[in-house]
Amino acid sequence: MHSGLMEKLRSKSIKGTFGDASKPWEADVIAEWERSGASFSASGGKLEHVHEEAMRKLLECIVPSGGRPQPILQEGGVYLGCWLESTGTINAELLSRFAPTVAESTFEAFALHQRSDGLLPYKVTEHGGAYRQIQLVTPLARSVWNHYRLNGKNRAFLQMMYQAMARYDNWIAAHRDTRGTGCVEAFSTFDTGHDLSPRFWHAPDTPHLDDAAKCDPNSPILPFLAPDLTANIYCQRLYLAVIAEELGLNETHWRAKAEASLASLQRYCFDEEDFFFYDRDRHNRFVRVQSDVLLRVMACEVGDRELFDEMLKRYLLNTRKFFAKYGMTSLSMDDPRFDPSSAYNSWGGASNFLSLIRTPHAFEHHGRYVELTWVLQPILAAAANMTRFSQALSPWTGEEGFTETYSPAILCVLDFVERLSGILPTSEGELWFTGLRPYPMDHGAEVARETAYSRIVDGNAYEFINAEQESAIYRDGKEWLRFPGGIRIITDRSGELRGIIGMSVHPVAGTLRMGGVEIPFAVKGNEKLAYSQGGFISERDIGIVYPTY
């Protein structure tokens with residue numbers, strides 16, 4: 001089957017893609033990537049070249065920092081350092097699939113630079129930790145837990161991070177609930193990383209006197225009861241409970257604290273009329289600015305599928321709101337303050353790569369796999385034309401914007417390729433082989449006609465071919481599974497079949513060939529079939545939520 005593409009994949013050298021190591025630590029990073037076996041090839045289009053360039057540019061973002069010899073991930077571009085809201089959480093979590101040692105050192109940097117009173121740095125630079133603001137988005141505990149589960153359960157690492165995060169939780173509770181609501185308060189724009197967002201117009205960029213524990217007493221609107229900060233701590237506490245249980249500690253108090261955070265979020269920040277999460281200002285008024293706060297709250301596992309589906313219909317898949325041609329936007333498009341420019345660091349409208357890499361968890365947590373592909377496909381079409389790896393894209397044209405060699409953009413390319421057409425190992429001990437190919441969304445320009453992907457997991461070498469007519473998985477050089485496109489195959493880490501997920505808007509029916517045995521199946525979009533006793537049974541069938549206007 002498509003021997004030319006397989007030959008191309010097998011002849012490809014990861015070390016050759018990276019080129020010669022120019023810094024002492026780069027050889028170790030390249031060697032670790034080689035151990036992952038993660039490699040991508042295509043029979044047409046420009047995406048393969050962009051993927052290779054992403055690998056090389058990522059290496060430029062991995063350097064020692066904070067006075068330690070171990071290299072850690074940097075934000076990249078004009079951002080000199082490692083930020084807790086991004087580099088130290090979601091970026092490192094994605095990197096964990098390719099260079100886990102660097103990811104672990106990145107997580108550790110925040111614990112090692114924790115201040116004596118429990119405050120974690122909002123960033124780590126070559127000069128050490130910086131503590132001026134908090135700047136929270138992705139929950140650190142979840143990223144740490146996913147890394148731990150994915151890469152061999154280093155209990156000493158988990159114990160160290162748990163202690164640091166528990167102390168940090170105490171700091172947040174003591175200093176960011178001045179109004180006694182149980183919500184986490186924003187004292188400045190930078191507390192949420194929402195530079196230039198109308199959400200924070202007429203608020204200072206930094207906390208009072210550059211002290212993360214102080215709010216400007218003369219502000220007419222602050223402090224805000226912030227839904228994204230509150231949701232972050234809610235989710236953080238959920239995962240601190242999971243980590244405590246893993247470490248043999250009492251987790252019940254974390255669950256109680258998480259429920260209290262959720263109750264405060266719903267009581268103070270959710271507007272039943274608009275069905276949206278808003279800040280409340282110091283006068284107890286909703287700050288009615290519809291921003292990517294919603295996506296952040298959803299990515300923190302707030303609410304059930306019914307709530308998420310309603311948010312999809314009203315907002316996240318609404319082309320008047322956040323579902324741009326190249327989404328998700330950082331401000332609702334029907335807000336008169338919406339600014340689509342990506343020419344500068346702005347969360348006033350442009351589609352930021354940090355939002356894009358946070359998006360999959362929000363969708364996948366509720367089984368919305370098909371709907372997520374509608375976000376992935378246009379971004380990969382735009383990525384095929386990328387040369388700089390900027391911070392944001394134009395929501396209208398997909399053109400690159402401000403700065404370059406930005407690690408969230410680089411990791412977005414690597415993650416979206418693996419999520420749409422590659423082999424993705426999960427923290428639940430599964431491997432996902434997704435039988436979709438990048439689609440020519442822009443002017444019919446080919447992105448990648450047929451694709452091939454490889455990975456090494458627990459000593460087993462996997463190769464995955466996505467051809468026009470069907471897909472095939474090879475294990476240790478031998479064909480293991482063959483099946484029609486439009487579905488995701490789920491196996492355990494040894495490659496044993498667990499199930500199928502429908503990844504297309506239309507039902508897919510056909511035959512899965514496994515070791516000389518033919519197994520018929522029929523699966524609808526988002527439906528999950530479990531493999532049992534030589535056949536498939538439907539485990540979940542939730543239908544599809546379609547775009548709105």
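This is a predicted model: local features need pLDDT of at least 70, side-chain atom pairs count only at pLDDT 80 or more; totals for chains, interfaces and linings use all residues.
1. **Largest pocket: size and centre.** Start with the open spaces. The largest pocket has a volume of about 780 Å³. It is lined by 32 residues. Closest to its centre are His361, Glu364, Ser427, Glu428 and Trp432.

2. **Largest pocket: who builds the lining.** Helix 7 (140-150) gives the most, with six residues. Helix 5 (87-95), helix 13, strand 15 (423-425) and strand 16 (430-434) each supply at least two residues as well. By class, the lining of this pocket holds 13 nonpolar, eight polar and eleven charged residues.

3. **Second largest pocket.** Here the space comes to about 530 Å³. The lining counts 27 residues, and Gln377, Leu436, Arg437, Tyr439 and Ser504 are the closest to the centre. Two elements give two or more residues to this lining: helix 14 (369-383) and strand 19. Helix 14 has the largest share, four residues. The classes are twelve nonpolar, ten polar and five charged.

4. **Largest cavity.** Now turn to the cavities. The structure holds two of 30 Å³ or more. The largest has a volume of about 70 Å³. Its lining consists of Ile90, Val137, Thr138, Pro139, Arg142, Arg296, Ala299, Cys300, Arg358 and His361. Helix 11 (293-299) and helix 13 (353-364) are the elements that give two or more residues to that lining. Five of the lining residues are nonpolar, two are polar and three are charged. Look for His361 on screen: this residue lines the largest cavity, and it is also among the residues closest to the centre of the largest pocket.

5. **Second largest cavity.** This one has a volume of about 40 Å³. Leu120, Leu136, Leu140, Tyr168, Asn232, Ile233 and Gln236 line it. Helix 9 (residues 227-246) gives the most, with three residues. Which classes make up the lining of the second largest cavity? There are five nonpolar and two polar residues, and no charged ones.

6. Helix 1 spans residues 3-11, and its Leu5, Met6 and Leu9 are buried. Seen down the helix axis, these buried residues fall within an arc of 100 degrees, so they line one face of helix 1. On the other side, Ser3, Gly4, Glu7 and Ser11 are exposed. What covers the buried residues of helix 1? The cover includes strand 1 (39-42), strand 17 (451-457), strand 18 (460-466) and strand 19 (470-475).

7. **Strand 21, covered on both faces.** Strand 21 runs over residues 487-492, and six of its six residues are buried. Ile487, Ile489 and Thr491 sit on one side. Arg488, Ile490 and Asp492 sit on the other. Note that the buried set includes Arg488 and Asp492, and that both of these belong to the charged class.

8. **Partners of strand 21.** Strand 16 pairs with strand 21 in the antiparallel sense, over five bridges.

9. **The hairpin turn.** Strand 21 and strand 22 form a hairpin, with four residues between them. In the turn, glycine 495 has a positive phi of about 90 degrees.

Notes: Residues are numbered from 1 along each chain as its sequence is written. Side-chain values use heavy atoms; hydrogens and water are left out. On a 1 Å grid over the protein atoms alone, a cavity is a set of points where a 1.4 Å probe fits but cannot get out, and a pocket is an open set with protein on both sides within 12 Å along at least five of seven lines; lining residues have an atom within 4 Å of a point. Grid points are joined across faces, edges and corners, and a volume is the space filled by probe spheres set on the points. Buried means under 20% relative accessible area, exposed over 50%, partly exposed in between (1.4 Å probe, protein chains only). The arc is that of the directions from the helix axis to the C-beta atoms. Contact means heavy atoms within 4.5 Å. Two strands pair if DSSP finds at least two bridges between them.
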